[in-house]
Amino acid sequence: MGKYIEHNHNHDGIDRRGFLKCMAWAGTGVIWFMHSGVLKSAGLSQIIDKTTGKIRSNINIAKGDFTFVQISDSHIGFNKDANPDVVGTLQAAISKINALPYSPSFVIHTGDLSHLSKPSEFDTLDQVLKSVKTDKIFFVPGEHDFLSDNGEQYLKRYGKGTKGSGWYSFDNKGTHFVGLVNVVNLKAGGLGILGAEQLEWLEDDLKGQSSSTPIVVFAHIPLWSVYPQWGWGTDDSAQALSYLKRFGSVTVLNGHIHQNIQKIEGNITFHTVMSTAFPQPIPGTAPAPGPMKVPAERLRTLLGLSSINYMEHMHTLAIIDTPLISSSMDSMNEEKSEKADTKPSGKNTVVIENFSFNPKELVVSAGSVVTWINNDDSPHFVLSTDKFFSSTAMDTNDKFTFKFSTPGNYKYFCKIHPMMTGTIIVK
Ligand SMILES: [Cu+2]
């Protein structure tokens with residue numbers, strides 16, 4: 001550890017300067033090269049030499065027809081232990097983009113621009129993104145961007161010329177790009193959702209394209225089932241993908257899960273990227289998703305191995321490296337056991353922890369006031385299934401109370417993590 005922690009003033013094992021230095025993952029993004037209809041990718045962290053800030057000498061990145069960069073999940077406004085400086089790590093990503101020998105034609109940001117969709121967070125993001133050397137930045141929203149105001153700020157700033165909740169398409173040098181929104185109107189117990197209106201638009205949008213046109217689809221939540229238990233998938237993605245079957249080359253780019261995973265299914269290549277802000281656990285290796293605080297030396301192990309390699313052929317794409325699992329599981333267990341001590345207890349209280357409501361069913365008598373308290377490092381949002389009661393965005397330690405006067409069963413869920421469900425039973 002000594003090598004990476006230079007000054008540990010808070011005795012928490014994390015020094016800000018050493019922290020940023022060891023976070024090889026942070027400030028990451030993926031550059032995509034289009035060559036005669038075939039997309040190849042490389043991780044910016046792999047091709048940019050950390051010490052010189054320049055492209056590694058052994059890497060040859062031919063420009064091809066055009067290039068673009070994907071960044072994701074900048075979570076501006078997040079300030080918890082997993083990364084107290086999300087602006088700094090976004091700037092690190094931008095430095096890597098700007099170190100490329102040629103500017104990418106454009107940048108795609110696949111959502112969760114902000115952490116709580118506050119105007120000040122979007123202001124900061126806009127300010128920081130001004131330094132990116134590129135012609136244009138395309139966005140799709142993450143669930144965090146619709147958290148506090150149902151997307152009002154997001155759509156005002158990034159939704160010009162888009163349809164519905166922000167979907168659109170554009171063409172670049174013979175490739176058709178489609179930006180989709182699957183973070184709005186989430187249903188209790190469900191995953192991401194595109195919805196009938198957007199699917200109809202998509203079918204129509206693709207009709208005009210010839211089957212030989214390379215298609216790139218991007219959306220925040222993965223459009224394939226990465227890990228439905230954690231909500232990492234999209235309920236109606238199969239229908240969207242059915243419209244893409246006739247195309248020879250389809251690439252699907254997603255964020256949300258804060259790690260690189262790739263998969264090929266027939267003509268479609270699926271790809272998720274890391275966050276510029278903080279890592280999340282590998283599917284199934286922790287009790288819940290969410291910001292992962294990892295000890296510095298483990299973080300290096302964890303993130304030094306990236307599954308994105310410079311690829312000559314699409315069929316060399318690989319799924320995630322498995323050796324990472326055991327170390328990340330250990331660190332998550334440490335982290336979660338620390339948290340258990342801070343759990344508040346109280347009558348008529350629902351604790352939100354590890355992306356679940358505890359207790360899942362709470363029985364109270366009529367006239368009781370129920371309190372929800374968010375004990376996670378991630379925001380949540382309590383919403384009753386029949387819209388009878390609703391919190392606002394609940395950040396860490398925020399509380400929401402509601403008085404139940406009439407007996408009955410009141411089902412609710414988290415508006416942004418709809419897999420989280422609970423019931424208040426009023427007797
Ligand atoms: Cu939630």
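## Overall makeup

Helices here are DSSP runs of H or I with at least four residues, and strands are E runs of at least two, numbered from the N terminus. Counted that way, this predicted model contains 9 helices and 19 strands.

The protein runs to 427 residues, and 44% of them count as buried. Looking at contacts with a separation of 6 or more, 68% come from residues 24 or more positions apart.

In soluble globular proteins, nonpolar side chains tend to end up buried together. In this model, the largest nonpolar core has 82 residues, and the members touching the most others are Ile-97, Leu-180, Val-217 and Ala-219. Helix α3, covering residues 86–98, is the top contributor with 6 residues. Both domain 1 (16–335) and domain 2 (349–426) supply at least three residues each to this core.

Zooming in on Ala-219, and skipping residues up to four places away in sequence, you'll find it touching Val-140, Leu-180, Val-181, Asn-182 and Asn-254. There's also a second, separate core of 5 residues, with Val-226, Trp-230, Trp-232 and Ile-261 among them.

Ile-352 stands opposite Asn-374 of β15.

Definitions and conventions:
Residues are numbered from 1 along each chain as its sequence is written. This is a predicted model: local features need pLDDT of at least 70, side-chain atom pairs count only at pLDDT 80 or more; totals for chains, interfaces and linings use all residues. A residue is buried if 20 or more other C-beta atoms lie within 10 Å of its own, exposed if 12 or fewer, and partly exposed in between; C-beta atoms are placed from the backbone. Two residues are in contact if their C-beta atoms, placed from the backbone, lie within 7 Å. A nonpolar core is a set of buried Ala, Val, Leu, Ile, Met, Phe, Trp, Tyr and Cys residues joined through C-beta atoms within 7 Å. Domain bounds come from an automatic or database domain assignment. Two strands pair if DSSP finds at least two bridges between them.
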